[in-house]
Amino acid sequence: VLSPSSRAPPRLSGPSPNPNMMQPMRLRSQGRGSPLLCLSAALLAVALLPGAAVADGVTPTEALRLRDEVKDMFYHAFDGYMQHAFPLDELRPLSCQGEDSLGGYALTLIDSLDTLALLGDKERFAAGVEWVGKNVRFDINKTVSVFETNIRILGGLLSAHLIASDYATGMKIESYDDQLLHLAADLAQRLLPAFDTPTGIPFGSVNLLYGVDDDESKITSTAGGGTLTLEFGVLSRLTNNTVFEQVTKNSVRGIWARRSKLNLVGAHINVFTGEWTQKDAGIGTSIDSFYEYLLKAYLLFGDEEYLYVFEEAYKAAMHYLHHDPWYIEVNMNSGATVWPLFNSLQAFWPGLQVLAGDVDPAIRTHAAFFSVWKKYGFTPEGFNLATSTVQNGQRSYPLRPELIESTYWLFKATRDFRYLDVGRDILASLQYAAKCPCGYCHISDVETHKQDDHMESFFLAETVKYLWLLFDLAVGPDNIVENGPYKYIFSTEGHLLPATPEISLVDEHCLYFEAFCNNSTDRGYISADGSSKHPSVNCTHFDERQTVSSQNSLSNVLSTTRGYIKGVCPGLSHAQKLGISYHDNTVEQNSRSHENPDESYTDQSSVQIQSSSVILISHPATSPPDEPLETGSRTQYLENIVVTGDSEPVEVSGSSQGNTENLAEDTTLGISEQIEVTAAEEVGSQDIHIEDGTS
């Protein structure tokens with residue numbers, strides 16, 4: 001076991017860091033003290049400065065060896081579970097026993113199915129799918145977490161179903177007859193009673209047989225109510241039952257409707273009254289995947305309401321929570337610092353920034369987070385930024401995947417081999433300190449490396465998966481994610497959700513050029529003959545012969561950034577189409593606290609994006625020249641970049657490089673420039689309000 005003092009300094013390879021990265025960013029809100037800035041500079045020096053000790057980078061041969069070592073890691077843990085714990089939920093890897101931790105339905109097997117498929121293990125994947133289809137039932141008297149059941153069980157069933165039922169994945173099971181899809185639909189139906197609340201935000205737990213318990217708490221987390229859209233949305237599109245997707249969208253709307261004037265959300269909320277019971281805003285514990293699913297729901301479904309909310313939420317997070325390179329917790333109403341703490345769940349954020357195209361701050365934040373790993377051999381649940389010590393009561397490392405996930409995405413976007421060095425260090429830590437007789441153990445104290453007899457299912461669903469993908473990408477990818485027929489969105493549990501036409505194109509409101517349209521269900525989009533199944537949508541086919549009048553400018557033209565479809569929805573303004581007008585009884589939602597626009601953060605230095613299949617939302621591009629623009633129109637269109645496996649490096653240059661002092665508030669964050677919506681814009685009879693979480 002490596003002690004903290006025996007761990008080598010970070011190994012860096014590749015080009016030297018951009019000198020601009022080393023310049024401390026000016027703090028952007030009052031009440032932020034200098035000790036945190038000094039700590040940021042000190043830890044960044046360890047992680048980034050060229051003067052740090054440098055070792056040879058990971059070679060392709062070594063990357064191949066490391067990939068195989070990760071594969072062996074997976075089977076050591078998976079075989080340990082199957083031999084000593086199955087069909088119980090999870091493995092106790094020290095005592096080689098099992099335990100039921102969620103619902104008693106082979107949680108670890110279901111969570112691991114798409115990892116088996118990713119590794120190309122068709123035999124065990126098929127055997128696992130067959131066993132689950134025959135033996136798992138959900139008509140049981142168990143009260144379960146809605147959040148955990150959704151991301152682990154529902155997501156695992158859907159991902160495995162989509163792989164097992166499709167010849168294009170190379171893992172098609174001939175005898176498979178949608179058993180996992182039927183199980184997923186049954187499970188989701190049993191979760192639906194949790195959504196029966198005045199706000200639309202679900203209870204945290206539900207009994208699978210009897211519904212919500214009488215004594216169930218009315219307090220739930222923001223992540224618990226906002227991390228359901230991907231799984232429920234995919235299920236709706238596979239079953240043609242829109243209820244699942246609609247209840248989760250209402251939940252997101254219920255949370256966002258109660259945001260503060262700063263566009264921040266708190267950590268816990270009362271699902272009946274809509275009052276925030278914990279008003280600490282952050283990107284970590286209890287909130288993290290709310291941000292994640294806003295962007296990923298847009299990428300998977302093309303629903304621009306999610307993009308609009310994400311842009312607003314992301315901009316607020318970067319303004320109020322970001323102490324470059326760290327993120328802190330603040331009061332959601334005042335923006336005052338509450339807690340200068342790095343918690344390990346924040347480590348997903350750089351990976352999300354890569355998906356959003358905001359790579360430069362992701363690089364700096366990842367380096368800071370990894371410096372904590374280097375200090376202890378693992379990331380503790382909490383690291384106090386003011387004292388530069390492990391936070392009392394948060395000393396453990398429960399095999400979390402978030403830092404590894406961000407490492408994978410940054411390597412995929414930049415091809416900087418320093419991220420392979422990061423992966424090598426993480427793998428070494430897990431092998432030396434976490435490996436135990438039947439699997440891999442939680443680390444109960446990152447300073448002593450004491451082991452705890454527990455292995456969460458997400459170790460096989462996420463931690464090992466992202467680590468294997470990292471090294472596989474380095475040696476020349478050979479898996480369905482990189483070389484398969486679809487682009488994949490990873491759920492917050494690391495499950496593979498493909499952007500197939502059946503999933504990604506069924507909810508477009510304005511269609512033309514014979515785009516995919518499922519005419520068998522009432523979804524409110526245009527049918528092949530141009531008629532609408534939902535007249536209130538007020539959509540028409542785009543006709544190049546039409547002229548654009550001053551009252552119907554191209555600011556009302558919907559341009560889907562995913563490159564599939566364009567159309568015109570002349571009856572809706574930008575705010576109505578994308579933003580919705582939210583309000584409740586206590587907060588004026590149209591207010592914004594942008595008192596210091598020149599202090600907004602942005603830094604769009606050039607980055608290299610080389611061959612990969614990651615979808616990046618890039619800088620705004622002006623409207624095509626053949627489309628007339630009304631004089632003074634600020635309409636801009638997102639430029640969607642899909643970097644394929646055969647692509648050459650692409651230079652993505654930012655704006656106002658090297659000048660962070662005079663930037664306007666409405667700056668490019670690598671997502672899209674927000675179209676200003678003033679009170680003078682027409683609202684008309686189409687105005688939409690969402691009150692108390694219902695539409």
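Q: Which residues is Phe 232 in contact with, leaving aside its neighbours within four places in sequence?
A: Contact here means heavy atoms within 4.5 Å. This is a predicted model, where local features need pLDDT of at least 70, side-chain atom pairs count only at pLDDT 80 or more, and totals for chains, interfaces and linings use all residues. Residues are numbered from 1 along each chain as its sequence is written, and side-chain values use heavy atoms, with hydrogens and water left out. With those neighbours set aside, the partners of Phe 232 are Asn 150, Leu 154, Ala 188, Leu 191, Leu 192, Phe 195, Phe 244, Glu 245, Val 247 and Thr 248.

Q: Is Thr 492 buried or exposed?
A: Thr 492 sits in the loop between strands S20 (488–490) and S21 (496–498), strands being DSSP runs of E, at least two residues, numbered from the N terminus. Buried means under 20% relative accessible area, exposed over 50%, partly exposed in between (1.4 Å probe, protein chains only). Thr 492 comes in at 16% relative accessibility, so the residue counts as buried.

Q: Which side chain does a polar contact of 2.9 Å join to that of Thr 492?
A: Leaving aside neighbours within four places in sequence, Thr 492 touches Ile 151, Thr 227, Ser 289, Glu 292, Tyr 293 and Glu 462. A polar contact is a pair of N or O atoms within 3.5 Å; within protein, one must be able to donate a hydrogen and the other to accept it, and residues adjacent in sequence count only if both atoms are side-chain atoms. The partner at 2.9 Å is Glu 292.

Q: Which residue in the turn between S18 and S19 has a positive phi?
A: S18 (residues 442–445) and S19 (residues 450–452) pair antiparallel over 3 bridges, where pairing takes at least two DSSP bridges. These strands form a hairpin with 4 residues between them. The turn residue with a phi of about 60° is His 449.
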